[in-house]
Amino acid sequence: MIEGKLNMFFHSTSNDHVSVSGLSLTRFKMSVINSPSFHPIQQKTTIDQRQFAGKEIKPQDSNSNYSHFFVDETPEIIKNKISIQQLRNAVSDCKLHDSRDEYILKWLSVFGFDVARAEKMLRQTLEWRRVNDVDDIFETYIPREVLKKYYPFGQIGVDKFGCPIFMHTFGRTDLPGILLSSTKKEFSNFVLFMLESYVRATKVETERTGRQITRSTYIFDYECVTFKDLSRKCVLENLIETCKLIFTHYPDSSRRLFIINAPSYFPMVLTLIKPFLHESDVPKIKIIGNNKNEWLAALLEEIEADQLPVHYGGTMTDPDGDPTCPSKFNMGGKVPESYYLSNNAPVAKDYMETMNVMAGGKKKLKFKIDAADSTMSWEFMTEGGDVGFRIYKKDSKDHDNLIPSSRVDSHLIMEEGHIKCHQPGNYVFEFDNSFSYLRAKKIRYHVVVDPPSF
């Protein structure tokens with residue numbers, strides 16, 4: 001299905017011009033947004049934070065603490081104060097993870113300053129963040145070794161506008177191998193970890209320089225990618241899902257997106273992600289083919305040479321002289337089969353109980369919780385394939401989900417977790433095999449509720 005769409009929308013292309021259905025992207029020199037926050041700066045200049053008078057902000061540090069300093073309000077903030085306040089008032093009942101005017105402005109700008117639309121999408125994002133525990137991702141999630149070693153991602157420096165630069169060597173990513181070495185939930189958390197790393201980097205630069213930095217620059221290197229690689233179902237699905245998350249929940253987060261060593265069939269990729277692009281995102285994309293002189297000139301126009309690895313035409317090396325700078329990001333590569341989860345299937349524990357869930361069926365575990373803030377903990381594994389599960393409060397309106405329904409690879413790795421039940425009541429832990437019409441699942445599980453500790 002996906003491959004058919006690719007061929008349907010594929011058009012002729014060259015290194016200088018890429019055209020896809022309804023979207024024309026030409027490689028050209030962009031005039032940067034006319035804003036003081038986008039003027040090129042000298043990165044090695046130390047800025048005295050005391051020289052900035054105006055609005056006080058409290059950017060979060062890596063421990064979610066706040067440090068105080070002052071920055072000037074940008075012309076965009078001053079110009080759109082009324083709209084910003086209107087949206088702020090509209091979501092006053094919500095807890096914002098970023099309460100700065102700059103964050104509010106992002107939602108307004110991508111929706112043409114339609115406050116009602118911006119409110120709707122911001123509320124959806126706040127709920128998405130709550131359900132996926134995004135605010136605490138750095139405290140609750142540690143990437144597996146295979147992801148650290150073989151997923152090519154990392155910050156290499158800052159561009160001439162003060163924005164963090166992230167490098168992705170997409171063409172050297174063994175995504176099928178990575179997916180065989182991590183569960184769906186685990187990889188999903190890694191994607192969230194990566195997206196939140198972009199945000200954290202902008203806050204670090206804001207605090208370091210005293211200037212409002214709210215966007216990043218991204219370099220995606222497609223060298224070595226083949227049509228076979230790009231047309232794999234798992235690669236396409238992951239690419240689409242990641243793009244959807246970025247453009248839906250992280251609006252106006254990029255200053256520039258460089259696509260270098262782009263293959264001639266790259267328009268197919270743009271066709272797939274086009275539905276998620278905001279109109280304001282299109283001019284930020286620069287697509288350049290495999291002529292190194294061309295893409296290097298484009299990079300150096302906006303990035304100082306000492307902020308690029310030697311491997312990419314800059315002057316940066318690791319302390320040991322390595323031109324690829326693996327201390328900042330890795331180049332990817334083939335994932336050894338020793339990491340595959342199928343080689344290390346989970347083993348049931350003696351204290352676990354057994355349950356069989358018929359093909360197309362569901363099974364429920366019911367718990368009556370008397371004490372507020374009790375903790376429900378679980379461990380389970382399956383035989384016969386993956387299974388879905390959710391946790392909800394039975395006697396609440398619409399059966400509020402504490403854990404929304406999701407399928408987990410519990411046949412490959414033990415599924416473990418816990419959640420706090422803030423209110424007394426009847427809770428249900430549900431195993432869901434309704435998606436499987438042919439295979440029953442044998443589940444070994446241990447679910448307990450512990451009262452709050454005072």
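What follows is a working chat about a predicted model.

Q: What are the ground rules for the numbers here?
A: This is a predicted model, in which local features need pLDDT of at least 70 and side-chain atom pairs count only at pLDDT 80 or more, while totals for chains, interfaces and linings use all residues. Residues are numbered from 1 along each chain as its sequence is written, and side-chain values use heavy atoms, with hydrogens and water left out.

Q: How many helices and strands in the chain?
A: The chain has 13 helices and 17 strands. These are DSSP runs numbered from the N terminus: helices are H or I with at least four residues, strands E with at least two.

Q: And how much of the chain is buried?
A: Of the 454 residues, 49% are buried. Buried means under 20% relative accessible area, exposed over 50% and partly exposed in between, with a 1.4 Å probe and protein chains only.

Q: Which residues touch the most other members in the largest nonpolar core?
A: Phe 187, Tyr 222, Ile 259 and Phe 266, in a core of 49 residues. A nonpolar core is a set of buried Ala, Val, Leu, Ile, Met, Phe, Trp, Tyr and Cys residues joined through side-chain atoms within 4.5 Å.

Q: Which elements give two or more residues to this core?
A: Among them are helix 7 (145-150), helix 8 (175-180), helix 9 (184-209), helix 11 (233-249) and helix 12 (267-273), along with strand 7, strand 8 and strand 9. Helix 9 gives the largest share, nine residues.

Q: What is Phe 187 in contact with?
A: Leaving aside neighbours within four places in sequence, Phe 187 is in contact with Leu 147, Tyr 151, Leu 175, Ile 178, Leu 179, Ser 182 and Asn 238. Contact means heavy atoms within 4.5 Å.

Q: What about another core, apart from that one?
A: Another core of 20 residues lies apart from it, with Met 355, Phe 429, Tyr 445 and Val 447 among its members.

Q: Back to helix 9. Is Glu 205 buried or exposed?
A: Glu 205, in helix 9, counts as buried, at 7% relative accessibility. Its side chain makes a polar contact of 2.8 Å with that of Arg 208. A polar contact is a pair of N or O atoms within 3.5 Å; within protein, one must be able to donate a hydrogen and the other to accept it, and residues adjacent in sequence count only if both atoms are side-chain atoms.

Q: And Lys 203, buried or exposed?
A: Lys 203 is also in helix 9, and is buried with a relative accessible area of 10%.

Q: Switching to helix 13. Which residues there are buried?
A: In helix 13 (residues 292-302), they are Trp 295, Leu 296, Ala 298, Leu 299 and Glu 302. Seen down the helix axis, they fall within an arc of 160 degrees, so they line one face of helix 13. The arc is taken from the directions from the helix axis to the C-beta atoms.

Q: What covers them?
A: The cover includes strand 7 (216-221), strand 8 (254-260) and strand 9 (285-287).

Q: What caps the N-terminal end of helix 13?
A: Asn 291 does, with a side-chain oxygen 3.0 Å from the backbone nitrogen of Asn 293.
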